[in-house]
Structures are given as structure tokens and as C-alpha cells.
Amino acid sequence: MQKVTMFPQSCKGMEDCAICAFVCPKSLFVASGTMNEAGYLPPLPPDQEKCTACGNCMIYCPDFAIVVEGGSADGTEE
Ligand code: SF4
Ligand code: SF4
């Protein structure tokens, strides 16, 4: 099941931000090699199989570039 949806055009880039990578307990965010329209390098969509849907990335992304579904705030599966 798809848990994480990325909106890469909203991202300010892994070089300048990378908060998602810092807060993900599974270290699922790595920089993509594809620039968005603003010239930033957003992360690749995380591995959906390894994602626990903890929601950290959605909560801490300052640019609302990540939406997480299918989990709860305490990291347990629903
Ligand atoms: S929901 Fe949690 S485990 Fe999944 S990508 Fe975001 S921070 Fe990582
Ligand atoms: S936290 Fe949001 S803005 Fe920052 S690198 Fe990750 S997706 Fe981009």
C-alpha cells in the first residue's frame, strides 16, 4: 500500500534542507538526481515497504512536500 506521497515541486532540496532524511527513523530519504522546477534536488520517494508510516517526515517537512497515509502519529500501523 502506498504510504508516502511526495510533492517534489514544493521541496527546497536535500542540499539545503534534508529534514525528512534527519527525522526518518528508517533513513529512507536519499537525494534524487532530478531537479525540480525551482532548481532543487528533492529526495526520491521513500521505500514504501520499509516505511512505518510514523508521519515524522510529513510533520517536519517545512514545505508540505510529503503526505503520509496509513499510519498513526505514534508510529504504529493501523
Ligand atoms: S512516515 Fe516515517 S518511516 Fe515513513 S518515510 Fe516518513 S519518516 Fe520515514
Ligand atoms: S523536509 Fe521537505 S523540503 Fe526538506 S528536503 Fe525533505 S521533502 Fe524537501
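**Note on a predicted chain with two ligands**

1. Ligand 1 is surrounded by Cys24, Pro25, Phe29, Pro46, Cys51, Thr52, Ala53, Cys54, Gly55, Asn56, Cys57 and Val68, where a residue is taken to be near a molecule or strand if one of its heavy atoms lies within 4 Å of it. The shell around ligand 1 divides into 9 nonpolar residues, 3 polar residues and no charged ones; in this classification Ala, Val, Leu, Ile, Met, Phe, Trp, Tyr, Cys and Pro count as nonpolar, Asp, Glu, Lys and Arg as charged, and the others, Gly among them, as polar.

2. On provenance, this is a predicted model, in which local features need pLDDT of at least 70 and side-chain atom pairs count only at pLDDT 80 or more, whereas totals for chains, interfaces and linings use all residues. Residues are numbered from 1 along each chain as its sequence is written, chains are lettered from A and ligands numbered from 1 in the order in which they are written, and side-chain values use heavy atoms, with hydrogens and water left out.

3. The shell of ligand 2 holds 13 residues, of which the closest are Cys11, Cys17, Ala18, Cys20 and Cys61. By class, the shell around ligand 2 comes to 10 nonpolar, 1 polar and 2 charged residues.

4. As for the overall fold, the protein chain has 2 helices and 2 strands, in the order β-α-α-β from the N terminus on; helices (H or I, at least four residues) and strands (E, at least two) are DSSP runs, numbered from the N terminus. Of the 78 residues in the protein chain, 33% are buried, and the accessibility classes are buried for under 20% relative accessible area, exposed for over 50%, and partly exposed in between (1.4 Å probe, protein chains only). Among the contacts in the protein chain with a separation of 6 or more, 58% are between residues 24 or more positions apart, a contact being heavy atoms within 4.5 Å.

5. The protein chain exposes about 4900 Å², and carbon and sulfur atoms supply 56% of that area; accessible areas come from the Shrake-Rupley method with a 1.4 Å probe, and for residues only the protein chains shown count as cover. On the surface, Phe7, Met58 and Val67 form a nonpolar patch with about 220 Å² of accessible area together. Patches are made of residues with over 30% relative accessible area and no salt bridge, with like charges joined within 9 Å and nonpolar side chains (Val, Leu, Ile, Met, Phe, Trp, Tyr) within 5 Å. Methionine 58, placed in helix 2 (residues 56–60), has a relative accessible area of 33% and is therefore partly exposed.

6. How many salt bridges does the structure hold? There is 1, and the pair is aspartate 63 with lysine 12, whose closest N and O atoms are 2.7 Å apart; the criterion is a side-chain nitrogen of Lys or Arg within 4 Å of a carboxyl oxygen of Asp or Glu. The pair links distant parts of the chain, 51 residues apart, with aspartate 63 in the loop between helix 2 and strand 2 (66–68) and lysine 12 in the loop between strand 1 (4–6) and helix 1 (19–23).

7. Two backbone angles deserve a check. Alanine 18, in the loop between strand 1 and helix 1, has a positive phi of about 60° although it is not a glycine, and alanine 18 is partly exposed, with a relative accessible area of 22%. Alanine 53, in the loop between helix 1 and helix 2, also has a positive phi, near 60°, but alanine 53 counts as buried at 2% relative accessibility.

8. Glycine 55, which lies in the loop between helix 1 and helix 2 and counts as buried at 7% relative accessibility, is 31 residues from cysteine 24 in sequence and 8.7 Å from it in space, C-alpha to C-alpha. Glutamate 69, found in the segment after strand 2 and partly exposed at 45% relative accessible area, is 64 residues from threonine 5 along the chain, with their C-alpha atoms separated by 8.3 Å. Leaving aside neighbours within four places in sequence, glutamate 69 is in contact with Met1, Lys3, Thr5 and Ala53.
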